[in-house]
Amino acid sequence: MASKILIVDDAAFMRMMIKDILTKNGFEVVGEAQDGNQAIEKYKELEPDLVTLDITMPEMDGITALKEIKSTYPEAKVIMCSAMGQQAMVIDAIQAGAKDFIVKPFQADRVLEAINKALG
């Protein structure tokens, strides 16, 4: 069965790019969210196998959302998405329980490597 993935990014274009990479490679994108609050709601509703979570978003940032999700669902698998130069935030995210991170602009092979590693 295809792994179910929730994509969280405030930029619709970025969500579309990840969704395209994933669906072409046999993953099922079960939902999308554009901020941390929506990410938490969608996670509870959909219980995906994995979440790609943008670090910088309005309302609630990705690291806060990650901590919220992990506090309720310690087994949650989350991969952070960051722009270049967000190294300190990436370290915070990994310490908060993120499995990996991918850097924008997305490279399809790197996205797939991170997701397969996190799910494996």
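Which residues is D54 in contact with, leaving aside its neighbours within four places in sequence?

1. This is a predicted model, in which local features need pLDDT of at least 70 and side-chain atom pairs count only at pLDDT 80 or more, while totals for chains, interfaces and linings use all residues. Residues are numbered from 1 along each chain as its sequence is written, and side-chain values use heavy atoms, with hydrogens and water left out.

2. With those sequence neighbours set aside, D54 is in contact (heavy atoms within 4.5 Å) with V8, D9, D10, G62, M80, C81 and K104. The side chain of D54 also makes a polar contact with the side chain of K104 at 3.0 Å, the term denoting a pair of N or O atoms within 3.5 Å, of which, within protein, one must be able to donate a hydrogen and the other to accept it, and residues adjacent in sequence count only if both atoms are side-chain atoms.

3. D54 counts as buried because its relative accessibility is 3%, where buried means under 20% relative accessible area (1.4 Å probe, protein chains only).

4. D54 lies in strand β3, residues 50-54; strands are DSSP runs of E with at least two residues, numbered from the N terminus. The open sheet has five strands in the order β2-β1-β3-β4-β5, with parallel pairing, for which DSSP must find at least two bridges between two strands. Its edge strands, each pairing on one side only, are β2 (28-33) and β5 (100-103).

5. Strand β1 (residues 4-8) pairs with β3 in the parallel sense over four bridges, and L6 has V51 as its bridge partner in β3.

Note on methods. Buried means under 20% relative accessible area, exposed over 50%, partly exposed in between (1.4 Å probe, protein chains only).
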